[in-house]
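Colleague: I have the sequence and the coordinates open. Can you walk me through some local details, one at a time?

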Amino acid sequence: MMNAIAEQLDYAIDRRYERWKEAELPFYLRKELGELGAGDLTDRFYKHLHLGPEGVREKVGAGTNRMNIYTVRRIALALAGEIHSGGEEAKQRGVAIAFDSRILSRVFAEQAALVLAKNRVKVYLFEQARPTPELSFAVRFLHAAAGLMITAGHYPYDYNGVKLFSSDGAVMAPEYNQLVARRMKDIEEEVAIPLMDAEEAVRQRLLVLVGTEVDKAYHRKLADIIVRPTAFRAGRTRMRVIYTPLHGSGGQTLLELLKQMGYRDVESVPEQFQPDPLFPTIDKPDPYNPDSYRQALLLAERKQTDLIMATDPESQQLGAMARDKSGKCRLLSANQLGSLLLEYLCTQKRANEPVYPATFYKSLLTTELSTAIARRYGLHIVETPPGFRHIAARIAEEEQLGARKFFFAFDETGGCLPQAFVRDKDALQTLLLTTEMAAFYKSRGLTLWDQLHKLYEAYGFYLEDQVSLSFPGLEGSQRLRNVMRKLRGEVPEKLSSLRIRSIYDSEEHGVRALGFSKEAANQELGANVIKYVFEDGAWCALQPTGAGTSLRLYYGAKEWSEVRCRRRLAAIRTALLYDVETIL
């Protein structure tokens, strides 16, 4: 049986490789293909890249299992087929396409546009790199049928990817994403997908180059993000801010908006300000990696800066550093920053208008500190599976019901949404709101770390952490599937010495534990995740990420002292790693 499977796989690899050898490839792909060793061929051709819930992200290179022009054409052709199923109106509404500053991003965007145009689907194409949240906004603003973003978030420089959006500006819902993925499976001859000539596409109005109209509309919305525009002006003028886009898009827009809002002392990190696909100053453009702030910290010490902020290259995640009691700049975690913003919005909006009835959205991996804050202020809480697309789906549902207005949303990755004119994580909105919050607390003699400790005094110490385990290649992805299968097959009563109260399992669509029914949990998890909640309220969770090549472990705890909370967190980490390693 195993020999038959191996022979079938070898045949598929040989067939795909031969197709590429015979195709008229661009020079750089032809050269790379010729340099591949026998061992490389299996990894490059054993499968086609799969369109997952968050799209596709992979290294750029030759082969069906890499990001290249043919992978992009294959996705675009499948998307065109799905849009055709919506009829002539969907084809006319078309697809909005944007791209970030990564390697070949512009080329990939143009390739996708010309495949769609060839299939009589109208395309709105940005001419320069744009942040992902602006693409989400553009889909809504242009009333497009779908959106396509070329980006790979904070992955290393040699990665790129594709993310699809629905007509509401949210990352495409799993059920529609799967329809596109199924169409992709029927496309074997990716190297033979034809393009429309660019000039002909423009002449037939199938390709429309997006001008400044969308930029201006999005920037007007961003300018309205301030909660209290006339308050604490002195705090704004005294704020010393440093911002870095980590070689990505969005930098100039944010600097201009901050200065328009009265922040006079705002500087950028010169070495990281201009878009650069090679990310020369950092290994990985992650705003939650302290190494990303080396240049900013040197500048901050000379300027005595109050606040340092960084966005990932697609401007979806914001990282922030503020000074602690000792005067040292320290990085806030995603959960800490999100909780500070939630508390700030609750206190400031309560001064102007009633907070209730309004809805706060979080994922089941978001800190429980946010739950405690939301309950204190009477917010309705919607908890969703991991992945911001689930939050966006619930925002749409609540919007249709009309009973409660949107208040705030954030997830465990550092993605926040202060206002819902975008339906994906928006670091530009978040940065403007964070700067206002820091200015407000400075006007009262507090740093963000001072305010965070006030929250801990009021609610208790909530700490979270995560670790990622890598499972590269075909063998690695099979081992990862075995880990999840075994965890689901053997329901534990405890993890090491930690007794489990309840288990949230996406495949069970609910909760498995004494005293709980499946109806107690969200019925549409739609994500491959298992979460264990312990008897004292601490928790841990396991979720495969990426293309099934890594396993992310999340864990969190609450105590009334920081020392005890850190000890509890360390015990959960040890137990979780031991449990996973035992299976391996």
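Colleague: Is Trp20 buried or exposed?

Modeller: This is a predicted model, so take every value as computed from it. The cut-off for buried is under 20% relative accessible area. Trp20 has 1% relative accessibility, so Trp20 counts as buried.

Colleague: How many aromatic pairs are there?

Modeller: Rings pair if their centres lie within 6.5 Å. By this rule the number of aromatic pairs is 16.

Colleague: What is the geometry of the pair of Trp20 and Phe45, stacked or edge-to-face?

Modeller: A pair of rings is described by the distance of the centres and the angle of the planes. For Trp20 and Phe45 the centres are 5.8 Å apart and the planes stand at 80 degrees. Planes over 60 degrees apart fall in one class, so this pair is edge-to-face.

Colleague: Which parts does that pair tie together, and how many residues apart are they in sequence?

Modeller: Trp20 belongs to helix H1, residues 2-22. Phe45 belongs to helix H3, residues 38-45. The pair therefore ties H1 to H3, and the separation in sequence is 25 residues.

Colleague: Is Phe45 buried or exposed? And which residues do ring pairs link into a cluster with it?

Modeller: Phe45 has 0% relative accessibility, so Phe45 counts as buried. Ring pairs also join Phe45 to a cluster.

Colleague: Where is Glu190, and which residues is Glu190 in contact with, leaving aside neighbours within four places in sequence?

Modeller: Glu190 is placed in the loop between helix H8 (174-185) and helix H9 (198-203). At 2% relative accessibility, Glu190 counts as buried. With those neighbours left aside, the contacts of Glu190 are Arg19, Trp20, His48, Thr64, Tyr70 and Arg74.

Colleague: What about H7 and H10: at what angle do they pack?

Modeller: H7 and helix H10 (residues 213-223) have their axes 10 Å apart. H7 is roughly perpendicular to H10. The packing angle is about 105 degrees.

Colleague: And how do the residues of that contact divide?

Modeller: Pro133, Glu134, Phe137, Ala138 and Phe141 are the H7 side. They meet Glu213, Val214, Asp215, Ala217, Tyr218 and Lys221 in H10. The division is 7 nonpolar, no polar and 4 charged.

Colleague: Which residue has its charged end over the ring of Trp449? And which lies over the face of Trp539?

Modeller: At Trp449 the charged end sits 3.9 Å from the ring centre, and the residue is Arg330. At Trp539 the distance to the ring centre is 4.8 Å, and the residue is Lys531.

Colleague: Is His453 buried or partly exposed, and which residues does His453 touch beyond four places away in sequence?

Modeller: His453 lies in helix H19. At 25% relative accessibility, His453 counts as partly exposed. Not counting residues up to four places away, His453 touches Phe461 and Glu562.

Colleague: What is the phi of Leu104, and where is Leu104 found?

Modeller: Leu104 is not a glycine, yet its phi is positive, about 65 degrees. Its relative accessibility is 25%, so Leu104 counts as partly exposed. Leu104 is found in the loop between strand S2 (95-99) and helix H6 (105-118).

Colleague: And His143: where is it found, and is it buried or exposed?

Modeller: His143 also has a positive phi, near 55 degrees. His143 is found in the loop between helix H7 (132-141) and strand S4 (146-150). With a relative accessible area of 55%, His143 is exposed.

Terms used. Residues are numbered from 1 along each chain as its sequence is written. This is a predicted model: local features need pLDDT of at least 70, side-chain atom pairs count only at pLDDT 80 or more; totals for chains, interfaces and linings use all residues. Side-chain values use heavy atoms; hydrogens and water are left out. Helices (H or I, at least four residues) and strands (E, at least two) are DSSP runs, numbered from the N terminus. Buried means under 20% relative accessible area, exposed over 50%, partly exposed in between (1.4 Å probe, protein chains only). Contact means heavy atoms within 4.5 Å. Rings of Phe, Tyr and Trp (its six-membered ring) pair if their centres lie within 6.5 Å; planes under 30 degrees apart count as stacked, over 60 as edge-to-face and the rest as tilted. A charge sits over a ring if NZ of Lys or CZ of Arg is within 6 Å of the ring centre and within 35 degrees of the ring normal. Axes are lines fitted to C-alpha atoms, for helices over the stretch in contact, and angles run from 0 to 180 degrees between N-to-C directions. Angles under 35 degrees count as roughly parallel, over 145 as roughly antiparallel, 65 to 115 as roughly perpendicular and the rest as oblique. Ala, Val, Leu, Ile, Met, Phe, Trp, Tyr, Cys and Pro count as nonpolar, Asp, Glu, Lys and Arg as charged, and the others, Gly among them, as polar.
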